[in-house]
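User: I would like to go through this model with you, a few points at a time. Please keep the answers plain.

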Number of protein chains: 4
Amino acid sequence: MGNTFGQLFRITTFGESHGAGIGVILDGCPPGLLLDAAEIQRELDRRRPGQSSISTPRKEADAVEILSGITRDGLTAGTPIAMIVRNTDQRSSAYDEMSVRFRPSHADYTYQAKYGLRIAEGGGRASARETIGRVAAGAVAKKILRVADGVTVTAWVESVADIRMPEGDAAPTEAEIEANEVRCPHPETAARMIERIKNARADGDSVGGVIKCRIQNVPAGLGEPVFDRLEADLAKAMLSLPASKGFEVGSGFAGTLMTGLAHNDEFENRDGRIRTSTNRSGGIQGGISNGEDIVFRVAFKPTATVMRAQRTVDKDGNECELTGKGRHDPCVVPRAAPIVEAMAALVLLDHRMRHAAQNQTFDFARQD
Amino acid sequence: MGNTFGQLFRITTFGESHGAGIGVILDGCPPGLLLDAAEIQRELDRRRPGQSSISTPRKEADAVEILSGITRDGLTAGTPIAMIVRNTDQRSSAYDEMSVRFRPSHADYTYQAKYGLRIAEGGGRASARETIGRVAAGAVAKKILRVADGVTVTAWVESVADIRMPEGDAAPTEAEIEANEVRCPHPETAARMIERIKNARADGDSVGGVIKCRIQNVPAGLGEPVFDRLEADLAKAMLSLPASKGFEVGSGFAGTLMTGLAHNDEFENRDGRIRTSTNRSGGIQGGISNGEDIVFRVAFKPTATVMRAQRTVDKDGNECELTGKGRHDPCVVPRAAPIVEAMAALVLLDHRMRHAAQNQTFDFARQD
Amino acid sequence: MGNTFGQLFRITTFGESHGAGIGVILDGCPPGLLLDAAEIQRELDRRRPGQSSISTPRKEADAVEILSGITRDGLTAGTPIAMIVRNTDQRSSAYDEMSVRFRPSHADYTYQAKYGLRIAEGGGRASARETIGRVAAGAVAKKILRVADGVTVTAWVESVADIRMPEGDAAPTEAEIEANEVRCPHPETAARMIERIKNARADGDSVGGVIKCRIQNVPAGLGEPVFDRLEADLAKAMLSLPASKGFEVGSGFAGTLMTGLAHNDEFENRDGRIRTSTNRSGGIQGGISNGEDIVFRVAFKPTATVMRAQRTVDKDGNECELTGKGRHDPCVVPRAAPIVEAMAALVLLDHRMRHAAQNQTFDFARQD
Amino acid sequence: MGNTFGQLFRITTFGESHGAGIGVILDGCPPGLLLDAAEIQRELDRRRPGQSSISTPRKEADAVEILSGITRDGLTAGTPIAMIVRNTDQRSSAYDEMSVRFRPSHADYTYQAKYGLRIAEGGGRASARETIGRVAAGAVAKKILRVADGVTVTAWVESVADIRMPEGDAAPTEAEIEANEVRCPHPETAARMIERIKNARADGDSVGGVIKCRIQNVPAGLGEPVFDRLEADLAKAMLSLPASKGFEVGSGFAGTLMTGLAHNDEFENRDGRIRTSTNRSGGIQGGISNGEDIVFRVAFKPTATVMRAQRTVDKDGNECELTGKGRHDPCVVPRAAPIVEAMAALVLLDHRMRHAAQNQTFDFARQD
């Protein structure tokens, strides 16, 4: 269960790291959007392993095939869009030991406890390859938001371990983010982050970090009161990502240190539009977007697989040691940036459709 | 939309601060549980305003009536349990100015932008009174978890502004938490917190803080891979609370500063059970509980209503000033603790039922 | 479980026949609709018992109270609308024997088997009083469809036992339907139906019948391919009604006797609009409305409670006899007509909102 | 939207008749079931075209590939099971004319009206090939019900046009049903049905019919009160099938002709179990199974594609003629039988899991 996300723009994903393939069905896509595999591929390539000197050497073409939902003219038909990526570069032997001994801070033990059995190769469904379906569907969501509404979703690496880029309000461009392999738009910081990641790898160790995401041009009014608040659905989306440990919107945890007078975002009339002079709310008030940029952060723990011996137990409960094998990123955050964007776009588009359904298509002018 | 929460143990809430009342329908409750209004009332009394010198003087009896779903013998019948609390102490006049001028960092403007109109009195649906339905249903969830599974859910105030209780692994008891009006189980810290809140009130200002929650005795195996990870649903539950700005599980944001070797929770065999020697995972790995205590934190911003003049705009876009009126807590976190418990219990019980449905009732022994 | 209906225009109901009351939360209602209790009451009065010489003498005022979701100006606010009807005229003693002995063709035994206990008085949740919440919410749906889209939903009694009104394409008006107590718009047939029902009552027996429903002015395009076909959701809505045993759309079961050539609805251009020259499809093709009237029928079995001795067993499995008591309609179909209308309106409005969300609010003109 | 079915045992389907392929993701499957492609294939072969002299000559291998969710040992892993069937025998040219002219009583016009464009080849998503995903997932559901609970689901052809097999209570075996190509277990009637279908084909015409389905060994207690009644979800499942026009459970429409005394199913104690002496309820009372066989019927209209000229309009609204081309069954009911079984199994298993979650895993013995 739990492999479906979204109410109206809804995705369902499948696939393990080492089976036939990974994929997604996207249901609820509006008709008439030009869409081809190359656009999806571009986003998949951003999350693909083997891109750079700081990520896993696993080489996957990760070539996407669109199976349905597109007309002869290359337009979305309104029907489900199924997309699949075949697995190719699998070295299951690397996982033989791991199939018996539980890797610390992985999902090996919990899957075994839940289901009584598991697909052990490559972490099975708990592999980060699972996010391929999210990124493929997110690419569609990002395009729709951009084409129909002018909304852009941008995520970048704010910190790696204790190396943090300077605070600032400027929204980095995609070019600035993609300019280096760590996806930090501040070049000097990026260089230090890369060095830190390489050092961790040299030590057989790993590091974590924080992604920051900014959504621009959001109309006011998206998000539902009470349970489906916009930040609640964003939080769920982000905490559903492998290795994520925290989420904060706007001022976040730091906001707890301020007083109300200092924290409140005063309203002003700027160029005829109601705006806030600060944005500690992170673009969301009472669960609903207020027209300012939506800004949030996601914390990712250090990669659990390390190339050093650690204590663990095997399936029979015997204590033993395990040394990580397989090919793993010593830091997941650079590749997590496009995944964060994908999930954010899925949440925003879904809420955009929900808002439209209730609030934008009824004309009660003639009632009496 | 968005007023329903949960898949199997599911609640739907209604009601505004100043209408006829607030309530909830709880669907999916297992039959045969002894339940009376007094038990619900006890939890409601914990979140009720007017309890102490540091909360709003608004006096509401908040007396709950159970409308359905209980047999003559006082047992849950398996059918929906509707519960209602009538509003009584309403002073709408305090809100007249607020109905025209948007309160900074409130939901006034966003509701207006979303719906084109709004119930302005008392913040309408965005009032913290909305959480009454959550607490009432959460009281049922807490009892079921305790009686059937021995699971306990406990939340307390870890920090108010920059005053933070000492770090520690000990799980405070309910008695220790309820021993003071700020619900911090460390008496010296509690005293300082109370003073800090009183100072804020005296200044016409407000403060925020952090709630920590611990769930004990959780069986391994709860939570669904991929989107409905246990921490993802907890994050959504917590970010759906008024004034919450952040969520972190286990090591959270601080975990991004550690390396993998230091962060990983090694497994060990303790008294014949597979356990971890540390708990930076916060009791959840790969989205699924591992049998350790579930531990998470929620950040709450300082109360938006302050008794000092702030700049804002009115409904026509004219810039103006607004000084807070009405009765509001200068700090929401003490009253938020029981609400955090309620939401956590709802999430956990729902996942417990989902897990049972898929994994605990099929016997495939006879297949060949 | 199972007490929620609809995806976007969504209702959740609660309440038993003999508890505190019956009610509904309506979530997803578009804002800005004028709505007062009197309008809801008008529809409730149509389903209310004690209206005529052929229905149960149980007298319930069934007075509705709106608890939330309405602004000072009487407009829907976009937030949940909770409505409650208190139970008043309860004579539980009539049910004492029934609480021990299972009434044939009632839900007594199945509730007991499912939950291990039950609220026996008045049939508990299985009472037809449960439909009050549906009718209250359906009244809102009917008004929205009428005011915003000009869509009307009309249901009437086509047959009682073997007495059937003449076939015909004319759509009866509400006045013609409400002109007699059996809600059959053909006066001569109505007179015979009433006599038939009175005879059944005199015999301590009961009769069933068929409701026909026609939805006019439906735009083409409503309904989703595959599982959520419009007729599928209508079928579910109708088979969810107490005592219903069958559903057919358009030609229905009789259509299986025709050949394709005779059955197909040929298209024509009528006054510049694409229309069909016949309507054996019942206004739906491939699960989607085609702009013709939606026409369907629902079969209701004879009332299970009869005032004659029947064989049954008690809770301990002992065979015994049971003679019906309590106040029951000898024929449910006249009162079922407004309930059928309510459910049809809920289905149609929900699909109207889903259609709008996906297909009517995106402008992809600028894509390249 | 609308391509997902089920709450806990949940399927999502995709694919058009003439695209890359058709498939399904099955989420919520219990772990530990032996499952291989051959078992799925066996059910797919029953619905496959080109099986007999009375079905379409379209030849599709319809070979299924399982993409995920199975362990090395051939057991279900609890994670999503994706299955795909590639399209192979496509003759799009047969559809050129049809892409411009709307086929009467098909979904061509309504898809165009809904989406503003459509995949015209082969009927696109409205093709009966869409049911492949249902049958593949239904094969899993049938196996689980059989292995874990001993429940069997059997559907057969009761009538073709006006040729109807004799009424009777005996439950035909699968062997009796599969003994002839029309899937009617009464050999003499089957012979007449086959002749009737061949005559229709010779005339370039088509016929419809009725499927009867019987589910045996159902435990009492499945189904939810109110909206998700077992018969309501069965009705939705059946009316979601292409060409279906009606559904009735137990006595159905004929039950409206009986009086209550004659219609009621009296209870008796048979061999220590509470049973009914008749089964006009069709195994369901108050929406919940009572332990008797579940019996229902589904009406299918005559195939819309006929090889004779019919009046229609083209996309520009011009009136014209259209003569059917392509390869189509002159009667869909023989191939519909396995599809009805698949949908019935999906509904039943989903309710079995929902029931278990709420009612079978909590022990409240220790409460006080």
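User: Where does Ala161(D) lie?

Analyst: First, a caution that this is a predicted model. Ala161(D) lies in the loop between strand E6 (152-160) and strand E7 (163-164) of chain D.

User: What is the phi of Ala161(D)?

Analyst: Phi is near 50° for Ala161(D), a positive value in a residue other than glycine. For background, most residues other than glycine have a negative phi.

User: Is Ala161(D) buried or exposed?

Analyst: Ala161(D) counts as buried, because it has 23 C-beta neighbours inside 10 Å and the cut-off for burial is 20 or more.

User: And Val226(A), what is its phi?

Analyst: Val226(A) is not a glycine, yet its phi is positive, at about 75°.

User: Which loop is Val226(A) found in, and is it buried or exposed?

Analyst: Val226(A) is found in the loop between strand E8 (209-216) and helix H6 (230-239) of chain A. Val226(A) has 28 C-beta neighbours inside 10 Å, so it counts as buried.

User: Let us turn to the sheet in chain D. What is the order of its strands?

Analyst: The open sheet is formed by five strands of chain D in the order E1-E2-E3-E5-E4, with antiparallel pairing. Strand E1 (4-5) and strand E4 (64-66) of chain D stand at the edges; each has a single partner strand, so one side of each has no neighbour in the sheet.

User: Which helix packs on the sheet?

Analyst: Helix H3 (residues 131-149) of chain D does, touching E2, E3, E4 and strand E5 (81-86) of chain D. The direction of H3 makes about 35° with that of E3(D).

User: How many bridges join E2 to E3 in chain D?

Analyst: Six bridges join strand E2 (residues 10-15) to strand E3 (residues 21-27) of chain D, and the two run antiparallel. Within this pair, Arg10(D) stands opposite Asp27(D) in E3(D).

User: Now helices. How does the end-to-end distance of H8 in chain A agree with the span it should have?

Analyst: Helix H8 (residues 333-359) of chain A has 27 residues and should span 39 Å at 1.5 Å a residue; its end C-alpha atoms are 38 Å apart, which agrees.

User: How many residues of H8(A) are buried?

Analyst: Of the 27 residues of H8(A), 26 are buried, so this helix is largely enclosed by the rest of the structure.

User: Over to chain B. At what angle do the axes of H1 and H8 cross?

Analyst: The axes of helix H1 (residues 37-47) and helix H8 (residues 333-359) of chain B cross at roughly 145° and come within 7 Å.

User: Which residues meet there?

Analyst: From H1(B), Glu43(B), Arg46(B) and Arg47(B) meet Arg335(B), Pro338(B) and Ile339(B) in H8(B). The residues of this contact divide into four charged, two nonpolar and no polar.

User: A quick one on Glu178(A): where is it found, and how far is its C-alpha atom from that of Ile22(A)?

Analyst: Glu178(A) is found in helix H4 (residues 174-178) of chain A. Glu178(A) is partly exposed, with 15 other C-beta atoms within 10 Å.

User: Next, the chain contacts. How many residues does the contact take from chain D and chain C?

Analyst: The contact takes 93 residues from chain D and 93 residues from chain C. On the side of chain D that touches chain C, the residues divide into 36 nonpolar, 36 polar and 21 charged.

User: Which strands pair across this contact?

Analyst: Strand E9 (residues 244-249) of chain C pairs with strand E9 (residues 244-249) of chain D, in the antiparallel sense and over three bridges. In this pairing, Glu248(C) stands opposite Gly246(D) in E9(D).

Technical notes:
Residues numbered from 1 in each chain as written. Chains lettered and ligands numbered in written order. Predicted model: local features only at pLDDT ≥ 70, side-chain atom pairs only at ≥ 80, totals over all residues. Contact = placed C-beta atoms within 7 Å. Nonpolar A, V, L, I, M, F, W, Y, C, P; charged D, E, K, R; others polar. Pairing = 2+ DSSP bridges. Helix = DSSP H or I, 4+ residues; strand = E, 2+ residues; numbered from the N terminus. Expected span 1.5 Å × (residues − 1). Buried ≥ 20, exposed ≤ 12 C-beta atoms within 10 Å, placed from the backbone. Axes fitted to C-alpha atoms, helices over the stretch in contact; angles between N-to-C directions.
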